[in-house]
Structures are given as structure tokens and as C-alpha cells.
Amino acid sequence: MSAEKLAIDGGPRAVPELGPFPTKIGAEELLEILDMWEFSPESRAKIRQLIEREANLKGPHLFKYYNPKPSKVAAAEKAMLDLVGTKYCLAVNSCTSALVASYRALGVGAGDEVIVPAYTFFATSATVASSNAIPVIVEVDETLCLDPEAIDRAITKRTKAIVPVHMRGAPAQMDAIMDIANKKGIPVVEDVAQAAGGSFGGKPLGSIGTMGCFSFDYYKIIVSGEGGFITTDDEWLYTRAQSWHDCAACWRPDRFAKERREGELFCGENYRMSELEGAVALAQIRRSDEVLAGYRRAKMQIKNAIETFPCLSFRRLTDEAGDTGISLVMFLPDADATRAAIKYLQAEGVPAGGIYDSKIRDWHIFSYWEHILHKKTVASDGLPWSAVPADELPKYSRDMCPRTLDLLSRAIMVDVGYHYSGRDCAAIASGINKVLRTMLK
Ligand SMILES: Cc1ncc(COP(=O)(O)O)c(C=O)c1O
């Protein structure tokens, strides 16, 4: 035995103090981030100099939980609470993740059915199947959102959720949908991916159903590159979504506490939002009023300047004041005329496009969801399809929702930009009038 005295017995510590922890994310990482902005070479050199001169630069802690600094993700969640008005909000890394976490929080799983619209981005229905449940695809109407009557007809004893999608920025018929859902006691998950900042009957979208799912991917209204949020007033659903998004509660505030009640602990995944996305999301949420005002102003100016044509109708808006204004959709009487009009409009420089053309694949239309139509499965267990007797599965086919296909094939969609000037809007409207006058005379 050596004569040295152990520290535990009052001897000197072998490791008196470790050196300070270096900044993990420092100047080089910051410069790499700034490289994404198009600074002039002179500004770039000045910025580099300035950053390199900073002697004790402390970088960010890029993790929401146990962050010694105020978390940007938490601040973005708080900003979303102010925007949407629910009691709880959880940041995730995409709307796809938000949908899965919401379905899982609601207990959706093998043998359950979830009603989704035939016109939505594939993620809305793919996430039902990846949660091991059966997507029940139903028609949209002239609102281009779920038709409440079609929902009513599609409800079975297996229906575990209804997912209205506020497509292309305009609200679904939330009053009728909530009536049906409440009568049958079925939760509603609003897919607000394309309509952040919209409302219905004065209520923000994402606060009307049981849960709301937002996308902040780069192509949405307010963005963080990738990202999403879940909103809800239900503490239990928030807790369960939080658990699912975070590998079953590893990071929840009281993470070693026992289950408060059956269903609080289970194996989840990792959908956490990074602090970098949180910072961008926070700045974007703060700008949302200004962005939305721009979309609405531009859309109203274009729409009001379109002349009356007997053959032209507009998408039915369930609540014009709640429309985000990101797109203007018009219908012509038949698909051939619509295709021709789109060609003429594009030649005029009008930012118009069609929605459905049977020759062009588009992930927003059910007839291209082969994964579902052909009941594809990821593993030999055959899920989600194997959980339901084959003769009780929905009958999927490429033409199972003819009304949706008819509407979409006659739709002209004009993309609205929040940055359009008054002159841009006037020019777009005059291009539309010119083409329609020529075609419909
Ligand atoms: C209606 C709808 N739902 C869900 C998603 C998925 O969003 P994310 O890209 O954030 O996963 C999208 C994205 O395009 C969408 O448009």
C-alpha cells in the first residue's frame, strides 16, 4: 500500500481542476453560417476580421434542453403560442414529424383509420400509414379542402382521427368538420402546413381542432429551412407528443419521475428542433404579421381587378378574412380549356399553374400515392394493412375520388407573392383578363 493519502482521506486531489471547456461551435462555424448570406466580398472580409478579432467568443449551445442560455427553440414555441393562442406548443423538426407525433399522442396505431383529404401533400396520409394506421382518403369540394359530407360517410368504428388540411393557405370548413367530429367524439388534427397565420371564424388555424401541425420548411409561409410545431390545449396530448418527439421522455423536465398515469412512458423517436432552426423560426414568427399582410394585400388587388367572366369561378373560401392569401385559385368549365389557359397565362408572364394533369406526377394528389394505392409495406409484418381484414380495407384506386380530380383538373392556381408591388398585381390581373377575354369571347 503506498504512503500517499487519498483525497477522500484529506490528501491532495490528483485532478485539482480541469481546463475550461472549449467553445464547441465557434468562429469557423459562424463564418460558415454567414457564408449562406450573399455578402459582398468586401463585407465578407470585414465580417471575418471582426469575428476573428473577438478574443473570447462564446458560441451557442445548440440544444434546446439543459441550455445555459435562453433557448431559441423555447422562445419560438412561446412566439407560436402567441400567434396561435393554444395553451401548449411543441417545436419539432418538420410537419411530417408533427403529424406522426400527434397521431401517436392520440394513440393512433395498428387497426385504426384516419380520414385524410384526397388533395394534400403526401405527408398527411403517409404519416398515417407510417404510424401503422390506415389512411381513409376522401373527396375535397370547391373549397379544395375536406368535404364534410364525405367525412361523415367515411367514418367507421375504426376512425381514430380526422385530418382537415388548410390547402394552399385557405381554411377548411372547420365549423362543419368540428360538428361531425364532436358528435362522434373523434379527435381532429389540423394540418396547417400551408396556412400558418390563417384563421376560421376569428380563431387561428391550429387552435380549432384537438391538435394543430405546422410546417416551417423553406417553401412555407414562415420558415426555418426545416421545422414544424404542434399546438394543442390538451396537456396530456402535449406530454405524449413531447415524449414521442424525444425518444420517450429522455429530456422532459422531470425526466426521471415515474409515470403520472398509464400512457405517459413509451418508446418514441427523435424529432427535436435544433437551436439554429429555432432562431430562424423565432425571427420569422415575429415577421408573420407583415408577411401575411403582404400576401393578403396582393391577392385582394389581383382578385378585385379580374373582370367577370361567365365561365370563370373562384375557389370557394370558407372565411375570406381567414385566408392567408398565398394563392388565388380559379376554375374553368373543362380540363382542356384550363390547360390551354395556363399555357397562355404563362406566356404572358402570369405566375400561374395547373393543379392536376393526368400526365404529370404530383405528390399532392391521391392518384399518385402508389405507396398507399398499392398497399406497400416496409417490413414483412405487412403493416399497416395486415392489421385489418383484407375485405374491410378501403378500396383504393386511381379514380376513387372523381370529384377531386375533376375540380383539380379545372383549376388554375396563381401564386401570390407578399412582395408583389401594386404594379405587379395590376399586371398579373391584366394578363389574366387578356387571356380570358381572348379565350372566352
Ligand atoms: C399539407 C402539408 N402537410 C404536411 C407537409 C409536410 O411538411 P414538412 O416538409 O415540414 O415535413 C407539407 C409539406 O409540403 C404539406 O404541404
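1. Basis of the note. The model is predicted, so that local features need pLDDT of at least 70 and side-chain atom pairs count only at pLDDT 80 or more, whereas totals for chains, interfaces and linings use all residues. Residues are numbered from 1 along each chain as its sequence is written, and side-chain values use heavy atoms, with hydrogens and water left out.

2. The chain as a whole. The chain has 13 helices and 13 strands, where helices (H or I, at least four residues) and strands (E, at least two) are DSSP runs numbered from the N terminus. Along its principal axes, the C-alpha trace spans about 105 × 65 × 40 Å. Of the 441 residues, 51% count as buried; here buried means under 20% relative accessible area, exposed means over 50%, and partly exposed lies in between, with a 1.4 Å probe and protein chains only.

3. The shell around the ligand. The ligand is surrounded by 15 residues, and the closest are Thr-96, Asp-191, Ser-215, Asp-217 and Lys-220; a residue is near the ligand if one of its heavy atoms lies within 4 Å of it. By class, this shell holds five nonpolar, seven polar and three charged residues. In this grouping Ala, Val, Leu, Ile, Met, Phe, Trp, Tyr, Cys and Pro count as nonpolar, Asp, Glu, Lys and Arg as charged, and the others, Gly among them, as polar.

4. An N or O atom in the side chain of Thr-96 is 2.5 Å from an oxygen atom of the ligand, a polar side-chain atom of Asp-191 lies 2.7 Å from a ligand nitrogen, and a polar side-chain atom of Lys-220 lies 2.7 Å from a ligand oxygen. On its own the ligand has 390 Å² of accessible area, of which the protein covers 92%; such areas come from the Shrake-Rupley method with a 1.4 Å probe, and for residues only the protein chains shown count as cover. The elements that give two or more residues to the shell are α4 (95–105) and α5 (123–130).

5. Two buried residues in loops. Ser-131 is found in the loop between α5 and β3 (134–138), and Ser-131 counts as buried because its relative accessible area is 0%. A polar atom of the Ser-131 side chain lies 2.7 Å from the backbone oxygen of Thr-127. Thr-86, in the loop between α3 (72–84) and β1 (88–92), is buried because its relative accessibility is 8%, and the Thr-86 side chain reaches the backbone oxygen of Tyr-88 at 3.1 Å.

6. Salt bridges. A search of the whole structure finds 22 salt bridges, a salt bridge being a side-chain nitrogen of Lys or Arg within 4 Å of a carboxyl oxygen of Asp or Glu. In the one between Asp-112 and Lys-160, the closest N and O atoms are 3.6 Å apart. Asp-112 lies in the loop between α4 and β2 (113–117) and Lys-160 in strand β4 (residues 159–162), so the pair ties together parts that are 48 residues apart in sequence. Asp-112 counts as buried at 13% relative accessibility, whereas Lys-160 is partly exposed at 29%.

7. Glu-392 forms a salt bridge with Arg-158, and the closest N and O atoms of the two are 2.7 Å apart. Because Glu-392 lies in the loop between α11 (370–373) and α12 (402–409) and Arg-158 in the loop between α6 and β4, the pair ties together parts that are 234 residues apart in sequence. Glu-392 is partly exposed, with 35% relative accessibility, while Arg-158 counts as buried at 17%. Elsewhere, salt bridges that share partners join Glu-28, Arg-48 and Glu-52 into one network.

Key: Polar contact = N/O pair within 3.5 Å; in protein donor to acceptor, adjacent residues only side chain to side chain.
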